[in-house]
Amino acid sequence: MKVIVSEHVGFCFGVERAVKKAERMLDNRGLSNYSVGPLIHNPQTIEKLTEKGLRIVNRIEQIKNGRLIIRAHGLRPELLSKARAKNIEVVDSTCPFVKKVQEASCRLVKQGYAVIIAGDKNHPEVKSIGGFTDEKAMVAAGPSDLDKLNLNKSRKIALLAQTTQSNSNFQAIINKLVSKGHFEELRIFNTICRATVVRQREARSIAQKVEMMIIMGGRLSANTKRLAGICKEAGVETHHVEAAKDIKPSWFRKKRSIGLAGGTSTPAWVIKQAADRLKKVYTDDHRRGKLTAHSL
């Protein structure tokens with residue numbers, strides 16, 4: 001049995017930055033620490049942070065006093081204003097790449113562009129971006145959504161992307177916009193995060209070489225779900241799991257090759273546990289073959 005592990009695993013820059021900031025704040029026991037929504041979309045990391053004292057709430061109103069740590073996905077500006085009005089200390093852990101999209105969308109709306117975000121309208125990152133445009137930004141999950149948007153009177157269009165979008169979906173949206181062809185100006189900003197692009201490319205490459213893919217990461221993680229989707233599109237059996245214990249030995253019967261990858265919010269130790277789990281499945285019964293990990 002051969003297992004190919006993606007070369008790029010562990011936290012991306014933005015997630016690692018947010019987690020380290022939170023850990024530093026939690027070490028300072030002078031104030032209670034809160035986040036509106038989970039800091040990142042990884043249950044194991046959130047469990048560790050909550051054990052250290054991070055309190056996750058749904059609304060600013062639930063914070064009586066203390067410190068607000070902004071999640072990596074960002075937060076709408078009106079929520080920040082509410083926090084500051086209550087004299088709550090704010091620690092900004094927004095991913096710098098998300099912040100660039102927030103700033104660009106705000107600037108473009110002020111310049112008179114109809115702004116479209118290629119992404120999931122219910123995702124916290126997209127909601128935070130929309131807040132910086134006074135909710136004027138429109139959202140398209142895919143090219144078909146463009147037909148639902150009121151673009152007939154728009155002469156200037158600007159298209160940006162949720163940082164965890166797939167290049168293929170973003171390109172399909174671009175193609176659909178270009179085919180409409182009745183705009184005076186169409187500006188396209190590829191704001192997909194580099195770490196996302198690299199992992200998607202690696203997952204697609206591995207999926208073409210193996211009989212099954214295992215994608216490790218939180219169920220709510222957009223970039224992890226995107227990796228699983230890309231592997232399924234490649235035609236390979238794919239399982240998206242949050243923890244090594246969720247990997248079932250029955251999946252591997254008669255399989256000779258397996259790929260293993262993780263989202264940008266999946267800690268490296270979760271990938272290591274998954275690889276160890278695979279190794280144990282096969283070394284427990286030598287008759288079923290020997291596992292070899294090509295990289296970790």
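Colleague: Which residues are linked with R76 in a network of salt bridges?

Modeller: A salt bridge here is a side-chain nitrogen of Lys or Arg within 4 Å of a carboxyl oxygen of Asp or Glu. This is a predicted model, where local features need pLDDT of at least 70 and side-chain atom pairs count only at pLDDT 80 or more, while totals for chains, interfaces and linings use all residues. Residues are numbered from 1 along each chain as its sequence is written, and side-chain values use heavy atoms, with hydrogens and water left out. R76 pairs with E78 at 2.6 Å between the closest N and O atoms and with E135 at 3.9 Å, so the network joins R76 to E78 and E135.

Colleague: How many residues apart are R76 and E135?

Modeller: Helices (DSSP H or I, at least four residues) and strands (DSSP E, at least two) are numbered from the N terminus. R76 sits in the loop between β4 (67–70) and α3, and E135 in the loop between α5 and β7 (138–140). The pair links distant parts of the chain, with a separation of 59 residues.

Colleague: Where does K52, the salt-bridge partner of E23, lie?

Modeller: The side chains of E23 and K52 meet at 3.9 Å, N to O. E23 belongs to helix α1 (residues 13–27), 29 residues away from K52. K52 itself lies in the loop between α2 (43–51) and β3 (54–57).

Colleague: Which element gives the most to the lining of the largest pocket?

Modeller: A pocket, on a 1 Å grid over the protein atoms alone, is an open set of points where a 1.4 Å probe fits, with protein on both sides within 12 Å along at least five of seven lines; lining residues have an atom within 4 Å of a point. The largest pocket has 16 lining residues, with V36, R71, L75, R76 and L79 nearest its centre. Two elements give two or more residues to this lining, α3 (77–85) and α5 (124–131). The top contributor, with three residues, is α5.

Colleague: Which helix gives the most to the lining of the second largest pocket?

Modeller: Among the residues lining the second largest pocket are A222, K225 and R226. The helix that gives the most, with three residues, spans residues 222–233 and is α8.
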